[in-house]
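Me: I have a structure on my screen and would like to learn how to read it, one feature at a time. Could you walk me through it?

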Amino acid sequence: MIGFLRGTVDEKQAPHVVIDVNGVGYDVETPMSSFFNLPALGETVSLRTHLVVREDAHVLYGFLTEQERALFRSLIKVNGVGPKVALGILSGVSVSDFCLWVSDSNVAALVRLPGIGKKTAERLVIDMRDRLPEGTVTTTPPPLGVLTQKTSAVEEAISALVALGYKPQDAEKRARAVASDDASSEQIIRSALQSAAKK
């Protein structure tokens, strides 16, 4: 098991990041909550990780906080919630808000998250009550960084939203609804996720 990685950020394309650890590049999938707070390319970062072994691949998931990783590990134990859905949940809501929704049995809020239907939301409320991470605190994220990718900001945002569990048409609709000429892909992703959480 790989418990954590400490190295330099070599590549960023939401929700994917490559961390260079002494000349070895680790492909890591991150929730948007961590991705938005990653340092710039070439800077040092430390990620807590969770390795998921499948028949066709070994996928490494990375988190900036232990609370995110703890919630991710709890979520993937819930029937019907795999790593992709768990990543979408962490991308769409803060750990503290998710805990609040579960403790309040707020199914209506949970179904607004990518990949979560009513049955899954109800299962989350029942199964997660006793598994919620302790000491959850709402934090204000630092200013957004800048992605240096060749694709347009909107296309990159759509790709990231699809990777987080939104259907392609829904992802495109959400991204284009909040896009502006000078918005970065990170700003579009964040706005799309925030607008989804409010509806």
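Reply: Let's begin with a charged pair: the side chains of Glu66 and Arg48 form a salt bridge, 3.3 Å from N to O. The term stands for a side-chain nitrogen of Lys or Arg within 4 Å of a carboxyl oxygen of Asp or Glu. Before going on, note that this is a predicted model, where local features need pLDDT of at least 70 and side-chain atom pairs count only at pLDDT 80 or more, while totals for chains, interfaces and linings use all residues. Residues are numbered from 1 along each chain as its sequence is written, and side-chain values use heavy atoms, with hydrogens and water left out.

Me: Which parts of the chain does the pair of Glu66 and Arg48 link?

Reply: Helices (H or I, at least four residues) and strands (E, at least two) are DSSP runs, numbered from the N terminus. Here Glu66 belongs to helix H2 and Arg48 to strand E4 (residues 44–53), so the pair links distant parts of the chain, 18 residues apart.

Me: How many salt bridges are there by this rule?

Reply: The count is three. Another one joins Arg69 and Glu66, at 2.8 Å from N to O. Both of these residues lie in helix H2, three residues apart, or about one turn of the helix. Through shared partners, salt bridges join Arg48, Glu66 and Arg69 into one network. Asp56 and Arg54 also meet in a salt bridge, with 3.1 Å from N to O.

Me: How should I read a hairpin of two strands?

Reply: Check the pairing: two strands pair if DSSP finds at least two bridges between them. Strands E2 (residues 16–21) and E3 (residues 24–29) are paired in the antiparallel sense over six bridges. Val18 stands opposite Asp27 in E3. Two residues sit between the strands of this hairpin, and Asn22 has a positive phi near 50°.

Me: What is a nonpolar core?

Reply: It is a set of buried Ala, Val, Leu, Ile, Met, Phe, Trp, Tyr and Cys residues joined through side-chain atoms within 4.5 Å. The largest one here has 29 residues, and those with the most contacts inside it are Leu75, Ile89, Phe98, Leu124 and Met128. Elements that give two or more residues to this core include strand E5 (58–63), helix H3 (83–92) and helix H6 (118–128). Domain 1 (4–63) and domain 2 (66–130) both contribute residues, so the core lies between them; these bounds come from an automatic or database domain assignment. A second, separate core of 28 residues includes Val9, Val154, Ala171 and Ala192.

Me: What does Leu124 touch?

Reply: Contact means heavy atoms within 4.5 Å. Leaving aside neighbours within four places in sequence, the partners of Leu124 include Leu75, Ile89, Phe98 and Ile116.

Me: Which residues of H4 are buried?

Reply: Val95, Ser96, Phe98, Cys99, Trp101 and Val102 are buried in H4. What covers them includes H2, H3, H5 and H6. Just after H4, Ser105 has a positive phi of about 55°.

Me: What does the UniProt annotation cover?

Reply: The unreviewed UniProt entry places "domain: Helix-hairpin-helix DNA-binding motif class" at residues 73–92 and 108–127. Such annotations may be inferred rather than shown by experiment; positions follow the numbering used here, and feature names are shortened. In the model, residues 73–92 are 65% helix and 0% strand, with end C-alpha atoms 17 Å apart. For residues 108–127, the end C-alpha atoms lie 17 Å apart, and the span is 65% helix and 0% strand.

Methods
Buried < 20%, exposed > 50% of the residue type's maximum accessible area, 1.4 Å probe, protein only.
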